[in-house]
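This report examines a single protein chain for a reader new to structural description. Please consult the sequence and the structure shown below while reading.

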Amino acid sequence: MKATVNEDCIGCGLCEGTCPDVFSISDDGVAVAIEEDVPEDAEDSAQEAADNCPVSAITVE
């Protein structure tokens, strides 16, 4: 499973708060996802972050 954040991100931090193992806020003020696959124990929280993103900027596949 991979997580990505697109250019629609507004940097609200919800994803980082929901799943800090996968998402963080970059120096540019927007969210970024880890480069590697989402850890198995973080898959549910990564999907929750995607589902709750206010601008639908996160994809988890």
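## Cysteines

The closest cysteine sulfur to that of Cys-19 belongs to Cys-15 and lies 8.6 Å away, which is too far for a bond. Cys-19 is itself buried, at a relative accessible area of 1%. Here buried means under 20% relative accessible area, exposed means over 50%, and partly exposed lies in between, with a 1.4 Å probe and protein chains only.

The model is predicted, so local features need pLDDT of at least 70 and side-chain atom pairs count only at pLDDT 80 or more, while totals for chains, interfaces and linings use all residues. Residues are numbered from 1 along each chain as its sequence is written, and side-chain values use heavy atoms, with hydrogens and water left out.

A search of the whole structure finds zero disulfides, a disulfide being a pair of cysteine sulfur atoms within 2.5 Å. Cys-12 is in no disulfide, and its nearest cysteine sulfur, in Cys-53, is 6.1 Å away. Cys-12 is partly exposed, with a relative accessible area of 47%.

Which residues of α2 are buried? They are Ala-46, Ala-49 and Ala-50. Viewed down the axis of α2, these buried residues fall within an arc of 100 degrees, so they line one face of the helix; the arc is that of the directions from the helix axis to the C-beta atoms. An α-helix has 3.6 residues a turn, so residues three or four places apart point the same way. On the other side of α2, Asp-44 and Asp-51 are exposed. Helices (H or I, at least four residues) and strands (E, at least two) are DSSP runs, numbered from the N terminus.

The buried residues of α2 pack against α1 (14-18), β2 (23-25) and β4 (58-60). Ala-46, leaving aside neighbours within four places in sequence, is in contact (heavy atoms within 4.5 Å) with Cys-19, Val-22, Phe-23, Val-38 and Val-60.

## The nonpolar core

A nonpolar core is a set of buried Ala, Val, Leu, Ile, Met, Phe, Trp, Tyr and Cys residues joined through side-chain atoms within 4.5 Å. The largest has 17 residues, of which Ala-3, Val-22, Phe-23, Ala-46 and Ile-58 touch the most other members. At least two residues of this core come from each of β3, α2 and β4, and α2 gives the largest share, three residues.

## An exposed loop residue

Glu-36 is placed in the loop between β3 (31-33) and α2 (43-52). Glu-36 is exposed, with a relative accessible area of 51%. Its C-alpha atom is separated by 9.0 Å from that of Met-1, 35 residues apart along the chain.
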